[in-house]
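Subject: Structure handover

Hello,

Here is the structure I promised you. Please open it beside this email and follow along.

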Amino acid sequence: MDEEYEPLNTYFPDEEVMHIYEVEQVKKPGWKLFFDGAANIKGVGIGAVLISEIGHHYLVTAQVHFYCTNNIAEYEACILGLRLSIDMGVQEVLVLGDLDLLVHRFKENGKYRI
């Protein structure tokens with residue numbers, strides 16, 4: 001280290017936290033679909049993971065070749081995952097994603113039919 005070195009002075013708001021625990025969630029059997037999409041200056045990428053009832057993971061990714069917003073990339077990723085689940089003959093799937101607009105749309109209708 002040279003003489004000009006100064007340690008980084010950071011602020012940790014939770015430095016007095018002594019214990020963090022994890023909430024146990026009851027795992028429900030069934031198919032699950034996780035999706036995500038991202039748009040930036042370099043392009044648009046989408047992907048989805050379909051998880052079977054017994055825990056097998058089926059991954060599908062794609063690059064979108066048209067300009068779109070991040071929200072549209074999320075829609076495209078969800079559609080990609082739904083197409084995968086249809087191709088695999090899945091009758092019921094729990095769809096999970098980080099786009100609130102799309103997730104709440106599923107919740108409003110209760111079921112989504114293609």
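Does Trp 31 count as buried or exposed? At 18% relative accessibility, Trp 31 counts as buried. Buried means under 20% relative accessible area, exposed means over 50%, and partly exposed lies in between (1.4 Å probe, protein chains only).

Some ground rules come next. This is a predicted model, where local features need pLDDT of at least 70, side-chain atom pairs count only at pLDDT 80 or more, and totals for chains, interfaces and linings use all residues. Residues are numbered from 1 along each chain as its sequence is written, and side-chain values use heavy atoms, with hydrogens and water left out.

**Overall layout**

The protein chain has two helices and four strands. Helices (H or I, at least four residues) and strands (E, at least two) are DSSP runs, numbered from the N terminus. From that end, the elements run β-β-β-α-β-α. The chain has 114 residues, and 26% of them count as buried. Contact means heavy atoms within 4.5 Å. Take the contacts between residues at least 6 apart in sequence: 54% of these join residues at least 24 apart.

**The sheet**

The four strands form an open sheet in the order S3-S2-S1-S4, with mixed pairing. Two strands pair if DSSP finds at least two bridges between them.

S1 and S2 pair in the antiparallel sense over nine bridges. A hairpin of two residues joins S1 to S2. S1 and S4 pair in the parallel sense over five bridges. Look at Phe 35: its bridge partner in S2 is Ala 48, and its bridge partner in S4 is Gly 97. Lys 32 has Leu 94 as its bridge partner in S4.

H1 lies across S1, S2, S3 and S4, and runs at about 150° to S1. Axes are lines fitted to C-alpha atoms, for helices over the stretch in contact, and angles run from 0 to 180 degrees between N-to-C directions.

**The core**

A nonpolar core is a set of buried Ala, Val, Leu, Ile, Met, Phe, Trp, Tyr and Cys residues joined through side-chain atoms within 4.5 Å. The largest one has 18 residues. Leu 33, Phe 35, Ile 46, Leu 50 and Val 95 touch the most other members. S1, S2 (43-51), S3 and H1 each supply at least two residues of this core. H1 gives the most, with six.

Beyond residues up to four places away in sequence, Ser 85 touches Leu 50 and Val 90.

**The aromatic pair**

Back to Trp 31. A search of the whole structure finds one aromatic pair. The ring centres of Trp 31 and Tyr 58 are 6.3 Å apart and the planes are at 25°, so the pair is stacked. Rings of Phe, Tyr and Trp (its six-membered ring) pair if their centres lie within 6.5 Å; planes under 30 degrees apart count as stacked, over 60 as edge-to-face and the rest as tilted. Trp 31 lies in S1 (residues 31-40) and Tyr 58 in S3 (residues 57-64), so the pair ties together parts that are 27 residues apart in sequence. Tyr 58 counts as partly exposed, at 30% relative accessibility.

Best wishes
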